[in-house]
Every structure is written in structure tokens, then in C-alpha cells.
Amino acid sequence: MKIKLFILTLLLFCSSLAFAQVKFTASADRTTIGTGEIFEITFSINANGERFAPPAFAGFQVVAGPNVSNSVSMINGVTSVSMAYGYDLMATKEGEFTIGPATIMAGGRPYSTTPIKIRVVKGSAGSGNGPQGNSRQQQQQQQQFNAPDESNIQRGRVRDISKSLFLRTSVDKSTVYLGQQIVMNLRLYTRVSIVNGEPEKIPDLNSFYSQDIKNNNPNAQWRTEVLNGVRYNVTDIKKTILFPQHEGNITIEPAIMNFVIRQQAASSSGDPFDAFFGGYEDVKYRVKGTPVVIHVKPLPLAGKPVDFSGAVGKFNISASLDKNEIKANDAINYQLKVSGTGNLKLLKPISPNFPPDFEKYDPKVTDTIVENESGSSGSRRYTYLLIPRHQGDYTIDPVKFSYFNPATGKYVTLTTRAFPVKVAKGTGDNSNVTAFSSAGKQDVKVLSNDIRYIKTENELNEVGSDFYDSGLYYFLLILGPLGFAGALVYGKWRDKNNADVVGTKSRKAGRVAAKHLAVAKQRLAANDNKAFYEDLFRGLYGYLSDKLNIPYADLNREKIGDELKARSLDESLINEMLDTLDMCEMARYAPVSGITGQQVFDKAQTMINNIESKI
């Protein structure tokens, strides 16, 4: 029986180790594709990762990405996190390519994926692509070559195809400032009948941050345009918004496409009647566009604000607060909205100056941005969740936002308005209440009803036999100065000890946390789950603030992990503490399943005891 229990325990231990392993993998929806086709590659990790670094994607153009997704689940009290980074890639040339490993940090250790081999064939990859790949390729071909105006098609045999079929790359501005947006348009001009076409090379645009302008119409929009006195059928192959990332001259390499055109077959006899009544032939033709040079000027140093963070365009900023009067420990939402035209997606995070007694969380960023032929425009919203911890009158300072206007060549600084916030005493906060006690009160007692009588008995004692002039008398007489000296020494020791504020807070952190946990236990007994998780979260955060000597307002998940690691705590204990904080934070706004409140409470007590024993 004992052997069976030992084997079962060993199997459970091994299975738990297997589940605890961090896995970082790469996968592609297809490994054989055609040139010009789009496929997806995904990098997944079953842990909370950071500092993700993708591979170079040599031989492919990044169409979209990274598309980041997160997943958090809790089963039997065990919290698991998974993340995924997805990219849409387009093959630009034939051959065998290897997508190198991506890297990421998880739990303080680096991880990397295994390389993936992709085979790129000419044109469509056939049935191996799957229905999704075929439909995508067909849609691209339809968009490019859907029935142009037949009146502009040359009849007979074309001698110089280059004059009847060519690509042109146009930009709305060739001289810009650093970060100023440019609209690039790749156009196809034709006077011949096109049977098929596929891209061979699309410009890399490595020196730009690029954003494609989406076209919801699957069919190409052909139009007629006169160029140098000749009428052509013209369609837009690709429209892109570019933001230069460095100053100097940047060359946009020419695009290359392969076409199959249909023209009248040549007559073998040279008879014009044979040529007129003869058949047609399909001819392959390779078209290469012309390069475009963009002159990028640096931003001027004169008049550059100190808080300038790289915004280029024309913007407005506004701020709003959902409530001006709240109770302590209640949440409010502070919102900043930046709107206008320019490099909105490249804006760096804004850091408002909130009062120190306000607990703040990372902002939620919401983009409402439209890309069209006029450029990139719209708005970006930063929503901050704030929790005042103490009552009082506070002010949220104005926020300054600076940008460079390329139309005027000058810097502009905008300022939001300030917001007064009146915080009343919270229902669960009794730190400012003065308590009075009636323990010292007594009823008046009647000791006697009359004057006491003079004693007539002689009860005199010898000198030394009474308390006066006895050994106890002199001992108590000396005890006073000794007690005073001891109190003086103790006072100096206490002042010296209390001068170390950090050490004092650290020593008392456990006792303060025990008080918060006692209140949380009362909430749990009353089935008040929301108040229980709030008190438990406040107790853990307050304990870590005192123990690690980090101001409450500056405390966050990353600082807690770094400080605990610096004190050589076990990785499992650190992760357990961070997971418990995350769970308490989520439970304040949504129900928690898979674990009881009592289990969470016992878990918090155990973690505090473990930290107290090691720090």
C-alpha cells in the first residue's frame, strides 16, 4: 500500500512539474505560399512574458502586427496566464526562407522559439494554400485587374510595351519634417490587355512607420487619366501613409510586378491580312517602377519645449473627470483626449501629475483613428483609474501637451484645465475618528455619614519597626532616581531607534498588516466579498509599502517583483504574491471563480508569514 502511495505521489509531482514548464512556440497557418499571398505567424507563451523581440522576417513584408492577445484563467486556485503575438506577412519573392527565433523574458529567464521554414512559390501555391489563401489571392488579382476601359486598350501588336504598361510611385510631399506624415500611392498605368499580374517586390519602407490605407471595395477602381497627351487606364495598387523615422534623404525602392498581357500574334508570312485575321498570344512582361527620394528635415531646436515628446501634426487636447466629490477608497475616472491629424499612433504615454494620496493605475488607451487619402486623423483617449485613499481637498494639476506644426514650422503647447476633487471620509476608513472611553468614570461613593472620632488607644511603634526608616523605605527611595535614569536611557534608545523611519516601518509592517487582515476576515464572515477583497488588497499593498520602503502611490506590480527579487526571496513566493494581488484587483470589479475567499485569506496570511521570516 505504501509503495502505491509513493508511486502516486511521484506521478503527481512529475505532472505538476510538467504543467509548470514555460513553453514559447511559433506557428504558421501555412508553410507553402505563393508570391503576393498573405499568411499569419503566431508566437505563443503560456506565462506572463515581457520584452518580446520578433525575428527579422527577411524576405517578407509585414502587412499587420503585432496583434497582441492575453488570457488569464484560474483552476483549483492556480492562476495561469498566456500571451500571443500575431503578424500578417506577405511573401515578396520565391525561394526557401527561414523565419528566425523570437525571444521573450518570463520569470527572469530568456526563452526563444524554434525557426520556421517557409517555402514561397511563384504565383498561387495551389491547393496547399487552403481556401483562405486562394480567396485572398483571387481578391488581390480582382482588385488590381478587374475590367479596365476597353476604349483605352491598344489594338494590334504592341512593339514597345514599356510605354503602354508601367508603375509610378507618387507622394503628396517630397520634403518633410521628421515625423511628418506622407501619403504614398503606387499606381498602375496600362494601355494593353492584362490577363494576370502578381507582385515580385514591394518596397520595404524600413525607414518609415507605415500604415496601409484599407480599401473595402474588392474590385479595382479603374479611371482614365491623360499623361503626356496619351490616355491610360489607371488604378491604385497600394496606398500607404508614411512617417519618416530619421532625418536625411530616404529612398523608396521601386516596386516590381510580373504581368501576362494578351496581344495579337505576329504573322509568319508578313501579310497584313494574316495579322488582321490571326489569333492572339499571351506574353509575360516584368514591370519595374522608379525610385522616389524623400528629403527629411530635422525638427528645429529653437523654441522646442522641454516636455516635447515627438508629436508632429496639428492636435487638440482635452481633459475630463467623471466625479469631483467622492468618498475615500472610491474610484474615479480621469480622461485625456488627444485629437487631430498627424502621428497619433506614435504618441508617447502622457504622465499627468496626480496627488500623492491618489492610487493610480496604468491608463487604458483607446484609438479612434482613420487612415484615408488625406492622411491619418482621429483621436486617442487615455483613461486613468484613480482611487483617493484619504479624505481632504485635492487638485489634479493641468496637463501640458506640446507638438510641432509642420504647416507653420513652429512648436505649439496646449494646457488642460485643473480639476478640484473633494474627498469625504470613506465608510470603511476610521483612521481619523477620535474614540472616547468611559472606563475611568465611577459613581460617587459615600464613605461615612459623620466626622470620625479621636482614637484613645496608644498604638506607638519603635523607630525602625515601622515602614519609615526601614530597608524597604530606602529601597523605594533609591528606586525613583534609578527609574528616572532607566527611563532616560530608554528614551534615548527609542529616539535613536525611531530615527530609522525605514526600519521602524519595516518592523511594524507585520502588525499593521495583521490589523487589515482582521478587518478583512470580518468582511468575509459577513459575506461581503467586495469589501473583503478591498480590505485584503489594501492590507497586502500597505504591508509591501512598509516592508519594502516604497511610497504607496509609487507601488506597482513591477516594483514589487523587482524589490522582492532583490531581497533573494523564492521565485514561487514572488509569483504567488503577484498572482494574489492581481486576483484581488480583479475581484474588486468582477466575481472570482475557482477559489474561495477563505483560501485566499489563508494564502495571504501564509505569504506574509513567509516574508516576515525571510526579511
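Which residues does Ile261 touch, not counting residues up to four places away in sequence? Ile261 touches Ile161, Leu165, Val192, Ser193, Ile194, Val195, Glu281, Asp282 and Val283. Contact here means heavy atoms within 4.5 Å.

Before going on, a note on the source. This is a predicted model, where local features need pLDDT of at least 70 and side-chain atom pairs count only at pLDDT 80 or more, while totals for chains, interfaces and linings use all residues. Residues are numbered from 1 along each chain as its sequence is written, and side-chain values use heavy atoms, with hydrogens and water left out.

Back to Ile261, which lies in strand E19, residues 256-264. Helices (H or I, at least four residues) and strands (E, at least two) are DSSP runs, numbered from the N terminus. One of the residues that Ile261 touches is Val195. Those two are 66 residues apart along the chain, and their C-alpha atoms are separated by 5.4 Å. Ile261 has a relative accessible area of 1%, so it counts as buried. The classes are buried for under 20% relative accessible area, exposed for over 50%, and partly exposed in between, with a 1.4 Å probe and protein chains only.

Now the whole protein. There are 9 helices and 31 strands. Of the 615 residues, 37% count as buried. Among contacts with a separation of 6 or more, 73% come from residues 24 or more positions apart. The protein exposes about 36,500 Å², and carbon and sulfur atoms supply 52% of that area. Accessible areas come from the Shrake-Rupley method with a 1.4 Å probe; for residues, only the protein chains shown count as cover.

Next, charges. How many salt bridges does a search of the whole structure find? The search finds 15. A salt bridge is a side-chain nitrogen of Lys or Arg within 4 Å of a carboxyl oxygen of Asp or Glu.

Glu359 and Arg389 meet in a salt bridge at 2.1 Å, N to O. This pair links distant parts of the chain, 30 residues apart: Glu359 is in strand E25 (358-360), and Arg389 is in the loop between strand E27 (375-388) and strand E28 (392-396). Glu359 is buried, at 3% relative accessible area, and Arg389 is also buried, at 9%.

The second pair is Lys238 and Asp212, with a salt bridge of 3.9 Å, N to O. Lys238 lies in strand E17 (230-244) and Asp212 in strand E15 (208-212), so the bridge ties together parts that are 26 residues apart in sequence. Lys238 is buried at 17%, whereas Asp212 is partly exposed at 26%.

Glu563 is partly exposed at 28%, and Arg567 is partly exposed at 31%.

There is also a network of salt bridges, which links Arg187, Arg223, Asp236, Lys239 and Glu373.

Last, the surface. Glu50, Asp362, Glu558 and Asp562 gather there in a patch of negative charge. Patches are made of residues with over 30% relative accessible area and no salt bridge, and like charges are joined within 9 Å. Asp and Glu count as negative, and the place of a charge is taken as CG of Asp or CD of Glu. Glu50 lies in strand E4, residues 49-53. At 45% relative accessibility, Glu50 counts as partly exposed.

How values were computed: Patch = residues over 30% accessible without salt bridge, like charges linked within 9 Å, V, L, I, M, F, W, Y side chains within 5 Å.
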